[in-house]
Amino acid sequence: MNLVELEGNVTKDVLLKADGKYCYVNVAVGRTRSSGTDFISCKVFGEVAASCAGSLTKGDRVAVTGHISSGSFTPKGAKDKVYRTDIVVDTIRKIPKGGGQASAGGFIDDTVNLAAKGIAA
């Protein structure tokens with residue numbers, strides 16, 4: 001089964017790509033069994049991408065569910081392939097950092113579900 005669940009902080013402001021069809025949400029996630037942080041690239045499509053670009057900023061805490069996707073491409077003018085691994089987002093939620101009105105760990109935004117919107121990832 002290819003299922004990923006992450007909770008962490010957005011590392012930079014989210015920008016919709018030029019074609020308007022997707023964006024990347026980069027998330028810093030602490031490791032559970034050892035010290036350190038992993039920086040995970042999460043790819044979001046369609047209306048959800050537009051919503052993320054309009055509402056998520058650096059430092060926001062998010063919960064993400066999705067699946068791992070890997071692929072390769074050759075950039076224009078390059079000889080070598082570039083290999084990339086991303087989390088393709090199924091749902092993403094903005095959550096409080098613990099200082100707000102909602103209880104820590106409680107979700108404050110509705111879940112945005114790609115399948116419910118008919119958006120293929």
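Because the model is predicted, local features need pLDDT of at least 70 and side-chain atom pairs count only at pLDDT 80 or more, while totals for chains, interfaces and linings use all residues. Residues are numbered from 1 along each chain as its sequence is written, and side-chain values use heavy atoms, with hydrogens and water left out.

Let us begin with confidence. The score called pLDDT is the predictor's confidence in each residue, from 0 to 100. For this protein the mean pLDDT is 83, and 80% of the residues reach 70 or more. Residues 100–121 are a stretch to treat with care: pLDDT stays under 50 there. The model has 41 contacts beyond four places in sequence for that stretch, where contact means heavy atoms within 4.5 Å. Where pLDDT is low, the predicted coordinates should not be read in detail.

Now turn to the core. A nonpolar core is a set of buried Ala, Val, Leu, Ile, Met, Phe, Trp, Tyr and Cys residues joined through side-chain atoms within 4.5 Å. Buried means under 20% relative accessible area, exposed means over 50%, and partly exposed is in between, using a 1.4 Å probe and protein chains only. The largest nonpolar core here has 19 residues, and those with the most contacts inside it are Val25, Cys42, Val44, Cys52, Val64 and Ile92. Which parts of the chain supply this core? Strand 1, strand 2, strand 3, helix 1, strand 4 and strand 5 each give at least two residues, and strand 2 gives the most, with 4 residues. Helices (H or I, at least four residues) and strands (E, at least two) are DSSP runs, numbered from the N terminus. In soluble globular proteins, nonpolar side chains tend to be buried together.

Not counting residues up to four places away in sequence, Val64 touches Val4, Glu5, Leu6, Cys42, Ile87, Val89, Thr91 and Ile92. Asn26, in strand 2, is also buried, at 18% relative accessible area. Leaving aside neighbours within four places in sequence, the contacts of Asn26 are Asn9, Val10, Thr11, Lys12, Ile40 and Ser41.

Next come the rings. Rings of Phe, Tyr and Trp (its six-membered ring) form an aromatic pair if their centres lie within 6.5 Å; planes under 30 degrees apart count as stacked, over 60 as edge-to-face and the rest as tilted. The structure holds 2 aromatic pairs. Tyr22 and Tyr24 make an edge-to-face pair, 5.8 Å centre to centre, with 90 degrees between the planes. Tyr22 is partly exposed at 22% relative accessibility, whereas Tyr24 is buried at 18%. Tyr22 also pairs with Phe45 in a tilted arrangement, with centres 6.4 Å apart and planes at 45 degrees. Tyr22 lies in strand 2 (residues 22–30) and Phe45 in strand 3 (residues 37–45), so this pair ties together parts that are 23 residues apart in sequence. Together, Tyr22, Tyr24 and Phe45 form one aromatic cluster.

Lys43 lies over the face of the Tyr22 ring, 4.5 Å from its centre; a charge counts as over a ring if NZ of Lys or CZ of Arg is within 6 Å of the ring centre and within 35 degrees of the ring normal.

Finally, look for the charged pairs. Side chains of opposite charge can pair when their charged atoms come close. A salt bridge is a side-chain nitrogen of Lys or Arg within 4 Å of a carboxyl oxygen of Asp or Glu, and how many does the structure hold? There are 4 salt bridges. One of them joins Glu7 and Arg61, with the closest N and O atoms 3.3 Å apart. Glu7 sits in strand 1 (residues 4–10) and Arg61 in strand 4 (residues 61–73), so the pair ties together parts 54 residues apart in sequence. Another joins Lys94 and Asp60, at 3.7 Å from N to O. Lys94 is in strand 5 (residues 82–95) and Asp60 in the loop between helix 1 (46–55) and strand 4, 34 residues apart. Lys94 is partly exposed at 24%, while Asp60 is buried at 13%. Asp38 and Arg31 also form a salt bridge, their closest N and O atoms 2.8 Å apart.
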